[in-house]
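Hello,

Here is the structure I promised to hand over. Please have a look, and my notes follow just below.

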Amino acid sequence: MKLFNRSAERLIINEILRHEKSASYVFESVDVDHFEMPVAPYSDYSAQYKKFVGVGDKNPGETIAKINKALLRQEVIKVVREKVFQKNLPYIHLAHYPTGYHNVGTFRVDCDKSDQARFENVLIHSDRHKFPMTWFIEVGAQEGYLSDIAETSKAGHDLQLHCYHHITYNNYSQNKRNIIKGKDLMQRVGIEICGFASPFGKWNPSLNRVLEELNFSFSSEFAMGYDDLPFHPVFKSQVSNVLQIPVHPICIGSLRDVGFTSQEMIAYYDRIIKYKFERNLPIMLYGHPKNEIDRFPEVIDFILSTLNSLPNVWITTYSEFAKWWQKRLKTDYSVFFENDNLKVSTDNTDRSLQLHLENSDNSEAFLPLENLKISLQDVVWTKKRDQTSSSVTETEFSHSGKTKTSLADFFAFMKSFKKKLG
Ligand SMILES: [Zn+2]
């Protein structure tokens, strides 16, 4: 295999650590030019049909990012963390969620072909659970009641653009025309948008260029990333300006398509939510008003009430999460170790930002991000949350039942690479 060029590799590792907001001594512990694992697949933006673990032989699927970037990112962090532990230091980075929270929980509605009655039906569920939602509007289909949609922002809903026509083109001008048309119509009724989710979750560089030129601050496409923390896509040795906010790609409709009963759908989401909760991963789910939320009301009620019932989950919208994440990315701090003392220096005054410390014995601690000096002995360490749920959500086999997915390929590749290094 041709080894990836160094500068591209460096870019990827730096980008992953930049999103971790790792302390500078962490960056310094890493020899980017001799990194232990291949990171090149992180800049892959091709998509592939993959199946997720369902019930029996009913496995839901979707065309999503070929590379599971979340797993790759976690592997990189694991390698880096080990290096820091070898120096007998804790691993320190900015926490992924605001102070007081261990997860984020959102529900996204893609309004494909939804009429007003179905739109309002989703609002009933949202009101029932006092759960603000992030709506991606298919303007061509919702043009007739856009001003009513605009009203819902007063209740805390986040209104963003899905498209005008429900197509993602491979072509810059066509994407641009489609997006500008939808954006203009939304602005005409007073909806200021900053976010986008492409039709069918597709992502390509020409779409990215349009989103950058039109100053979108975030977008959400499972063909770029899924089941992960927010990140800026890396592709062709470039880093996108648009923050990618990944979603779990299996919606109620994906489960319906493989014949799930509503009880099986509830069991599926129960498992996915538990999986993410235990691993402190964002719990970001989505659905459609038509032929999904209208047909399986008990499933959406289960999702919203479960998210509300979990402790320390920040229930929010994409815009709020993106805003907070971007603030987090821009905030600087330095950490010094003097004998047994930890010294933090920063200009930060935002109490929502905190440091996350991890130790080699699987314990962790949080400290406010402010100027402080503390003895490492005085830091209150707690054991990390137990993981009782299955560690796998994707299946090892694609829909043909024969071909292995890239997930299995990726691990096989990693194994052979490690072996090669001896
Ligand atoms: Zn759609």
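**Strands and a helix pair**

In strand E15, Asn 341 is the bridge partner of Glu 338. This is a predicted model, in which local features need pLDDT of at least 70 and side-chain atom pairs count only at pLDDT 80 or more, while totals for chains, interfaces and linings use all residues. Residues are numbered from 1 along each chain as its sequence is written.

E14 and E15 (residues 341–346) run antiparallel and are joined by six bridges. Strands here are DSSP runs of E with at least two residues, and helices are runs of H or I with at least four, numbered from the N terminus. Two strands pair if DSSP finds at least two bridges between them. The open sheet has three strands in the order E14-E15-E18, with antiparallel pairing. Its edge strands, E14 (333–338) and E18 (372–375), each pair on one side only. From one strand to the next, the twist averages 20 degrees.

Now to the helices. H10 (residues 262–278) packs with H12 (residues 297–309) at an angle of about 25 degrees, their axes 9 Å apart. That makes H10 roughly parallel to H12 (angles under 35 degrees count as such). Axes are lines fitted to C-alpha atoms, for helices over the stretch in contact, and angles run from 0 to 180 degrees between N-to-C directions.

The contact (C-beta atoms, placed from the backbone, within 7 Å) includes Met 265, Ile 266 and Tyr 269 of H10 and Val 299, Phe 302 and Ile 303 of H12.

Best wishes

Notes
Angles under 35 degrees count as roughly parallel, over 145 as roughly antiparallel, 65 to 115 as roughly perpendicular and the rest as oblique. Two residues are in contact if their C-beta atoms, placed from the backbone, lie within 7 Å.
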